[in-house]
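This briefing is meant for someone meeting the structure for the first time. It begins with the overall picture and then turns to particular residues.

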Amino acid sequence: AGPGPASPGPGPASPGPGPASPRPLFGGCWSCRLLSGAGLLAAAVWVYQGPRSSMKKGIPPSMGAIAQICFAAGEGAG
């Protein structure tokens, strides 16, 4: 005695709303975008000012200082 006859599935799909479009991260909140963008720029300026202050004192820049400046310039531009 096997299982009974399979019940038919629901009828043809009713024309309803399609899948919801995905919401952007944080719901597209402009204040969140501005705050995070300003924080990223502030971090780039902070990283840039470290080697800059030692170069103003007359200390020749090291390879690490040059890398920091290049990284900060890339962060500020991107």
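The points below are grouped by topic.

The model is predicted, and the protein in it has 2 helices and 0 strands. Buried residues make up 8% of its 78 residues, while the accessible surface comes to about 6,600 Å².

**Surface**
- Of the accessible surface of the protein, 69% belongs to carbon and sulfur atoms.

**Helix α1**
- Helix α1 covers residues 30-56, and its 27 residues reach 38 Å from the first C-alpha to the last, which is close to the 39 Å expected at 1.5 Å a residue.
- At Q49 in α1 there is a kink of about 30°, and this kink lies shortly before the proline P51.
- P51 is also one of the buried residues of α1, which are A44, V47 and P51.
- An α-helix has 3.6 residues a turn, so residues three or four places apart point the same way.
- After α1 comes G58, a residue whose phi is positive, near 95°.

**Rings and charges**
- Where does the charged end of R33 sit? It sits over the ring of W30, 5.0 Å from the centre of that ring.
- For aromatic pairs, a search of the whole structure finds 0.

**Cysteines**
- With a disulfide taken as a pair of cysteine sulfur atoms within 2.5 Å, the count for this model comes to 0 disulfides.
- C29 is partly exposed, with a relative accessible area of 27%, and C32 is likewise partly exposed, with a relative accessible area of 32%.

Methods. Residues numbered from 1 in each chain as written. Predicted model: local features only at pLDDT ≥ 70, side-chain atom pairs only at ≥ 80, totals over all residues. Heavy atoms only, no water. Phe/Tyr/Trp six-rings, centres within 6.5 Å; stacked < 30°, edge-to-face > 60°. Lys NZ or Arg CZ within 6 Å of the ring centre and 35° of its normal. Helix = DSSP H or I, 4+ residues; strand = E, 2+ residues; numbered from the N terminus. Buried < 20%, exposed > 50% of the residue type's maximum accessible area, 1.4 Å probe, protein only. Areas by Shrake-Rupley, 256 points an atom, 1.4 Å probe, with all protein chains shown as cover. Expected span 1.5 Å × (residues − 1). Bend = angle between axes of the 7 residues up to and from the residue.
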